[in-house]
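Subject: Handover of a structure and notes on its features

Dear colleague,

Please find below the structure that I am handing over to you. My notes on what was found in it follow directly after.

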Amino acid sequence: MDARSKSVKILLEYRDADHAWRRVNLGSGFLLSPDGLFVTAYHVMKHCLAGQRQTSGLSVKVDCSATRPGVRYIARIEGREFGIEITSYLKEADSTNGQEKHTPDEILKHRDFVIARVKTNGAERFSYWQLQDFDHKRIDPANPKADFSLTPLLPPKRVFIAGFPNDHDFVISEGFLNLTEKNNRGYFAADLKVYSIPYLKSQGVDADTKWGMRVDNHMSGGAVVDSSGYVVGLVVNGNHNTAGILSIENILSTFFSRASASGNRPAVILDPTDTPLFLKQ
């Protein structure tokens, strides 16, 4: 899978005291469509959305480089650089509640994601991740903070996390998701042994499998994909041996609809059914 071409490195440029432009790495994202629609974590774009903390936006255009003087936001894709517009987002209270760190309970009860678009002249086309069709009734956007209990994911799912950590240009981490919850809001790759050896053998998984996945700084917002190349979700939290992941169904159910409003063209297409999804308005 050509993971790099489907991934976005998100940078911030700012003028220092000498008025020279400096750059910092903010995080990662992943492309959903050929025209540059992408997903990243809310906390990666929180400075862009500082003026919209008390509001939500659907099918809007928040130009991140126009929000503050002397600051520019850049999406880098395969060496090419573009401006960024936020298209869909929730209030800060619903996304991160203004917190820098979250417990597992908080991770799954907050929708730490936004939809954005790279700014182009309309002629650019991008590689993008495939999205698999899903049972939309499993996700309840009206009750995102419902209580839950973590349970073993049956069977464990082998996945890859693609992103741009601080000290590397591009990294793919590999491991297994092994915890989930009944509402399908997200998963964890945790350093815990939650399966019996007979069960692992029945699933063709090595009994000596190392559980947990490493997530470095600024991989937040990166794609989590399965061995078939379908997006499972985005990583929003992690350390050297644990990753917290919000499901792609959670994202799509929050910001997309299977019904078109006023004849809008589809934003993304689900495989293998060719089901169109439209950005909510």
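Which residues of H4 are buried? They are Ile 248, Glu 249, Asn 250, Ile 251, Leu 252, Ser 253, Thr 254 and Phe 255. Helix H4 spans residues 248–255 and is mostly covered, with 8 of its 8 residues buried. Please bear in mind throughout that this is a predicted model.

Aromatic rings

The count of aromatic pairs comes to 6. One of them joins Phe 82 and Phe 126 in an edge-to-face arrangement, with 5.4 Å from centre to centre and 80° between the planes. This pair links distant parts of the chain, as its two residues are 44 residues apart. Phe 82 belongs to strand E6 (residues 80–88), whereas Phe 126 is placed in the loop between strand E7 (114–119) and strand E8 (131–132). Phe 82 has a relative accessible area of 10% and is therefore buried. Phe 126 is also counted as buried, at 6% relative accessibility.

Why is the pair of Tyr 195 and Tyr 199 stacked? The ring centres of Tyr 195 and Tyr 199 are 5.8 Å apart and the planes stand at 20°, and stacked pairs are those with planes under 30 degrees apart. Tyr 195 is buried at 12% relative accessibility, while Tyr 199 is partly exposed with a relative accessible area of 23%; the limit for buried is under 20%. Tyr 195 and Tyr 199 also belong to one aromatic cluster together with Phe 176 and Trp 211.

The charged end of Arg 72 is over the ring of Trp 21, 3.7 Å from the ring centre. The charged end of Arg 258 is over the ring of Phe 134, 5.0 Å from that ring's centre.

The largest pocket has a volume of about 700 Å³. It is lined by 29 residues, of which His 43, Glu 100, Lys 101, Ser 220 and Val 236 are the closest to its centre. Strand E2 (21–31), helix H1 (92–95), helix H2 (104–109) and strand E13 (231–238) are the elements that each give two or more residues to this lining. Which element gives the most to the lining of the largest pocket? That element is E13, with 3 residues. By class, the lining of the largest pocket consists of 6 nonpolar, 15 polar and 8 charged residues.

The second largest pocket holds about 430 Å³ of space. Its lining has 20 residues, and those nearest its centre are Asp 35, Leu 37, Arg 117, Arg 265 and Leu 279. The elements that give two or more residues to this lining are E6, E7 and strand E17 (275–279). The lining of the second largest pocket divides into 7 nonpolar, 7 polar and 6 charged residues.

An open sheet

E17 is also part of an open sheet of 4 strands, in the order E8-E16-E17-E15 and with mixed pairing. Which strands stand at the edges of this sheet? They are E8 and strand E15 (256–257), each of which has a single partner strand, so one side of each is left without a neighbour in the sheet. The pairing of E15 with E17 is antiparallel and runs over 2 bridges. Within this region, Ser 257 stands opposite Phe 278 in E17.

Backbone features

Two cis peptide bonds deserve mention. The bond from Leu 154 to Pro 155 is cis, with omega near -10°, and Pro 155 is in strand E9 (residues 151–163). Asp 271 and Pro 272 are likewise joined by a cis peptide bond, with omega about -10°; Pro 272 is in the loop between strand E16 (268–271) and E17.

Positive phi values are found in two residues other than glycine, as follows. Ser 59 has phi near 55° and is in the loop between strand E3 (37–40) and strand E4 (62–63). Ser 59 counts as partly exposed, at 31% relative accessibility. His 218 has a positive phi of about 75° and is in the loop between helix H3 (197–202) and strand E12 (223–226). With a relative accessible area of 23%, His 218 is partly exposed.

With kind regards

Note on methods: Residues are numbered from 1 along each chain as its sequence is written. This is a predicted model: local features need pLDDT of at least 70, side-chain atom pairs count only at pLDDT 80 or more; totals for chains, interfaces and linings use all residues. Side-chain values use heavy atoms; hydrogens and water are left out. Rings of Phe, Tyr and Trp (its six-membered ring) pair if their centres lie within 6.5 Å; planes under 30 degrees apart count as stacked, over 60 as edge-to-face and the rest as tilted. Buried means under 20% relative accessible area, exposed over 50%, partly exposed in between (1.4 Å probe, protein chains only). A charge sits over a ring if NZ of Lys or CZ of Arg is within 6 Å of the ring centre and within 35 degrees of the ring normal. On a 1 Å grid over the protein atoms alone, a cavity is a set of points where a 1.4 Å probe fits but cannot get out, and a pocket is an open set with protein on both sides within 12 Å along at least five of seven lines; lining residues have an atom within 4 Å of a point. Grid points are joined across faces, edges and corners, and a volume is the space filled by probe spheres set on the points. Ala, Val, Leu, Ile, Met, Phe, Trp, Tyr, Cys and Pro count as nonpolar, Asp, Glu, Lys and Arg as charged, and the others, Gly among them, as polar. Two strands pair if DSSP finds at least two bridges between them.
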